[in-house]
Every structure is written in C-alpha cells, then in structure tokens.
Amino acid sequence: MKPIYQRLNLFIDGQDAYTFVPVEPIGAQSLTIHRATGDIVLNAPNTPIPSTASRYGKTIYGILGMISLALSEYVIVMTGREHRARLMGHDIYRAAEFDILPLNPNVSVQNPPHPVEGHLLALVRSHLLGGHFLFSYGWDLSRRLQAQWQDRDNEERKALWEMADDRFFWNKLVAHTVVQNMHVDIRDFSQILTLSPYILPIIYGTFDMRTVYIHGHRIQLCLISRRSRYRAGTRHFRRGIDHEGHVANFNETEQILLVDEKAAGRLSHAENLTHKLSFTQIRGSVPVFWAEVNTLRYTPDLQVMDLQETVDMIKLHIRDQVSQYGSQNLINLVNQKGREQQVKEAYERAVSQVEFPDVKYQYFDFHNECKHMRWDRISVLIEKVQEDLVQQGYFRLDTAQDKAIRIQTGVMRTNCMDNLDRTNVVQSALAKWTLNQQLKAIGVLSDNEELDDFEELTRGFREMWADHADLISKAYAGSGALKTDFTRTNKRTRMGALQDGYKGAMRYIKNNHFDGARQDGFDLVTGAWTPQKNPVTSSSLIADTRPLTIRSVPYILSFALFMICAGLTLPRTSAADYSLLYYFMLWFVIASLAIIFMMVHGIEYVSWPRLIPPTDIIYYKGPGFRSAHNGKGFTGPLAQKL
C-alpha cells in the first residue's frame, strides 16, 4: 500500500497558487493548486518553489479535501494532531486542528464578503472542531481486521483511500473533489496513483487501547467504532431509515485482541504478536420510517410513518448488512409499553414480512428485565443468543502461519430508541462474553479462570467501553452516555442515576436549541446538501422568517424576568409592600403568559436544520401513528374562528 505523506510545508504564491511540499522524502513531487481555476497539478520531482511564494506558518499534517460553498471552493487541511496509540506497528492519531484555505482570492475566511458564505464556513468549522476524527498514515482504520486480511492481496496495488470502506470514509466527498480537479486524464490510473500520497482518509468514531500482562502474555485490547457517513446527523433530526436503505446512527464497533506470548517484560515495546483476534458488532436505528418531533417539551412527539416502501427498504438494509457481515441477529431493546411500543410493533411488522434465512429477530425488554437496577439480568439476553454467538464466532489470525483459524460469519445488530445507552450496555456485555471465550481459546486463561479474576484487565475493559459509549453519545445526542456507571463499575449506583439526570437535561437543551446547526454541518460536509453558487438564493439560511409575534415573545419573557430581578433590589417599606406585591404579580403573569405561549407554539422555537428542513415529517398527515400534535399553536373551533 502506497504510503501517505505525514508532514507537508505549504507555500502561498500570492493570489495565484497553493503549493504543498512533502517534508519527507526530500525531493518528492510537490502538489500545486491553482486558485483561479481550481486545477491541481503534480510537479516534477525537485521542482523549485517560486521565489514569490511565502511559507505558511503551520505544518500541514494532511489534506482532507476540497469543499465548494456559495462564493468559493476551499481546501481543508489538518494543522494539528494528537497521537492516540501505536497499533500493530502503525501510529493512530486524532485530528485536532484544521485550517480552511479559500481558492477565490477575493474571499477571506476571517471576514467573508457575504453573510451566507460566513454562515456556511461557520458550519464547516464547527463540524470539524466538534467531531472526533481518527486516522492513520499506514493502516486502514475504516476496515475491520477480518476485511483487511481477506483483501490483503489487493492492498499492494491500491492506495489507502481506494481500499477504505465507503461507509466510514468520512471525508470521501471532499477528498474525491481533489481527484476530480486533478489536471490529468482520469482514465490514466497511474497518474491518479501519484496523487494518492496526498489523500488522507479519516473516520468519525472512537479509538482506545489498553495493555496488560497476564501469565507472562502481553495483552493489547483495542476498541474501535466507525460511524457511517450515510444518514448521518443528530439525535432527533435523524431517525429510522431513508429511501436508500440507510439507517441513522449506524456504527460498527470492533474489539481487537492482540497477544504476544513471548513478551520481554513490561518495559519492552517490541511487537511479536502471535495472535490477532477481532469481534465486530453493529448498531443502527430501528429500520422503519419514524421520527421524533421536537416541541420544547421534554418528550418529543413520536411519529411513525406507515409508508408502502417500508418493507422494501428494510429488505434493502438487511440485504446490505448480510452481504457485509453474514448472518444477522437483530436485537431489539425498545420498550414494549408506553410511547416506544409503536416503534417496536412497526419494526416487528416489517421484519415479519422479510424472509432471510440468515436473519433472526430477538426481542429483549431491557427496562422491564433490568428494573430496580438489576443490571445483572442482561445475562438472560446472553443466554438467549449464546448459541448464535458461538456459531457466528470471531476472527482469529495465527501470525506464525499467516492463517485465519476462525472467521466471524455474522454479527449482532443491536438497537434501542437512540442506539446509545441500552445498546452500549448490551454490546459491552456481548463483547465481554466473547473476550472471555477468546482468552480461553488461545490459552491465556484456563477453563476455571474468568475475565473478572484479573482486575487490571477488567478495569481497562470497562473504562474503554464507558469512554466509547460517551463519545458515540456526544456525537449523536450532545451529551455523554447514560448508565455508564454500570459499564465502568459493573454496578448501577444512585450517583450514576443523578448524573444521568444531568445528562438528560443537557440533551434536552442541545436537542431543542443547538442541534439544528449541528445537523446542517453534517449535511454540508457529507454532501447531503449542495450549496448554490449565488448566495442571494440561499438568504433563507440566515433570515428569520417567523411572524413578528412569534419572534417578540422571547424578548417579552426576557424583559419580564429582568423586571422581576430588578424588583428584588427595591427597598422594602410597609407602605410599599402592597405596591411591590402588585408589581411582582404583574411581571410574573406576563412571564407566565410568555412561557405558555412559547410552549403552545413550541415548534416555532426549536432550532431546526435549515439546509434540509424536516417539514414533511413535522406536518406529516399520512397513515401511521402520531403520539400528539404539540407545539403547533392553539387548536380547536375557537382557535380556527380567531
């Protein structure tokens, strides 16, 4: 596999061009991007830098790609990275800092010439800084260990970006723009390969690794999650399935176990891995057409849409998963009572019409089985799927023989409503059970030993899965995961319940008031929405088109609260007590009416996505189920007359 340049020097030739020069190897082909045309040219080796060019003040650690906005194209470069670990001889990094370079000489990133351009740039910048992006210059983070071994014969002939999994290649669209703008014959594959050292694939996910020693074996336990770029977004603005068979919040989670049977000692960093094992699970939203509509209430309105194509789309989704992973166990953790019941029943109706011999549906009433903090009851679920866990197996590679001793032939697909908290607990339990089997299979543990007998390994396992859960939850819901006290300590605590209450409040605030812009960032960077070249046509992105009455009420509320606070500073006298009472009553009534008005018209005060507004979901009137119609203003005969 052709290596990627790890450090680049950038030279800016006035308003004419950007030239990227690899620091190593010396004399390698430099890359020039002409700002006027956007053409990309690979220069001959040892091409001198123009005397008029000045060096950029930061080192470039990778070119993510090019994105086109309303007034200009921009080059996105990485200017900061954090080293996370060294995995099988390859360094793993997190992308930490980014710069955005305009091609149009008349456009400034710091002071955009048009408000729409400034808004779009802010979305891109916020998405880059708010995401958790990972990469490696020499190892494909987007593909699980088994897939890499099965495709090992093709790796030498292809570049890293060509081998990357399309679902998890987060910057694929912006990186592909670089290939399209390259000033060569795109049919000449050899010319495109020469550009490959400049194309750096990144994933949106998590990575963690812990090293422990057991019975003289050095054990490296690694956990990687990969988030799909399809139907990507935030908790309440991306639910269910779309018309291409993609589901929201789809994550592949791989637990890698590396064993060195001849570890030289705790201070040795030499790698002599004798066993490589991998266990993969997936999660994704319930694959039917459903949504939750924010209304400023703590619990959004639930909308299940009974569309004719539901069965066809779930077939498409499951067929794709079977082709990727093999047999599927669909573990559904959604409640069978209350508001979640409609989602569960819609899922089961659709699954009953899907006939795949390699697909099994398994329902587990998580909240009912584990009520009163009885989290040990997850063992009931493991007992139900244990036979399939054994049959699907895991990937095991004997490095001495370069031979796969076992192949994982299927996966557990777990979901709850958000695919976060309950899903995290179940996936960690399945991973722990499998890790126990793996360590016994390779002889690290004896038959009468268990994972819990080794405190350091157990603690590392729990901390990894808890951190993993927090990062996935922050990416989707805006706060850390719930129930992580159980993942970290194997016990449910009252302090953990209090922390969950705080996290739930943070989710409410972010989901209602901040996630609209976050969703726009996802849609812009992943290519779900493409800007028009004239910013005037996109002025609705920054304009507030709500009626004046709707816009004025929050100001009235703010003023009323200010007057109440100001009244607390007034002097108290017996003569003024009645006046103060009426004063406070007046402003409390005004504040209360303003709050009531805002709750009744809650939909008007939610931060909705503006690039792809979910109007068809908010005002859906087709067949299906709607838990309520809150936040749509006053209803009824009197309201209609008014």
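Author: Two strands count as paired if DSSP finds at least two bridges between them. The model here is predicted. In it, strand E2 (residues 17–22) and strand E3 (residues 31–34) pair in the antiparallel sense over 4 bridges, and tyrosine 18 stands opposite isoleucine 33 in E3.

Reader: In what order do the 5 strands of the open sheet stand?

Author: The order is E4-E3-E2-E1-E5, with antiparallel pairing. Strand E4 (40–42) and strand E5 (54–55) each have a single partner strand, so one side of each lacks a neighbour in the sheet.

Reader: Which strands form the open sheet of 3 strands?

Author: That sheet runs E14-E15-E21, again with antiparallel pairing. The twist averages 15 degrees from one strand to the next. E14 pairs with strand E15 (residues 301–305) over 4 bridges; within this pair, valine 293 stands opposite aspartate 301. Helix H8 (residues 341–352) packs on the sheet and touches E14, E15 and E21. The direction of H8 makes about 15 degrees with that of E15.

Reader: At which residue does H10 bend?

Author: H10 bends by about 55 degrees at valine 385. Val385 is among the buried residues of the helix, which also include Leu381, Asp388 and Gln392. Just after H10, glycine 393 takes a positive phi of about 70 degrees.

Notes: Residues numbered from 1 in each chain as written. Predicted model: local features only at pLDDT ≥ 70, side-chain atom pairs only at ≥ 80, totals over all residues. Heavy atoms only, no water. Bend = angle between axes of the 7 residues up to and from the residue. Helix = DSSP H or I, 4+ residues; strand = E, 2+ residues; numbered from the N terminus. Buried < 20%, exposed > 50% of the residue type's maximum accessible area, 1.4 Å probe, protein only. Axes fitted to C-alpha atoms, helices over the stretch in contact; angles between N-to-C directions. Contact = heavy atoms within 4.5 Å.
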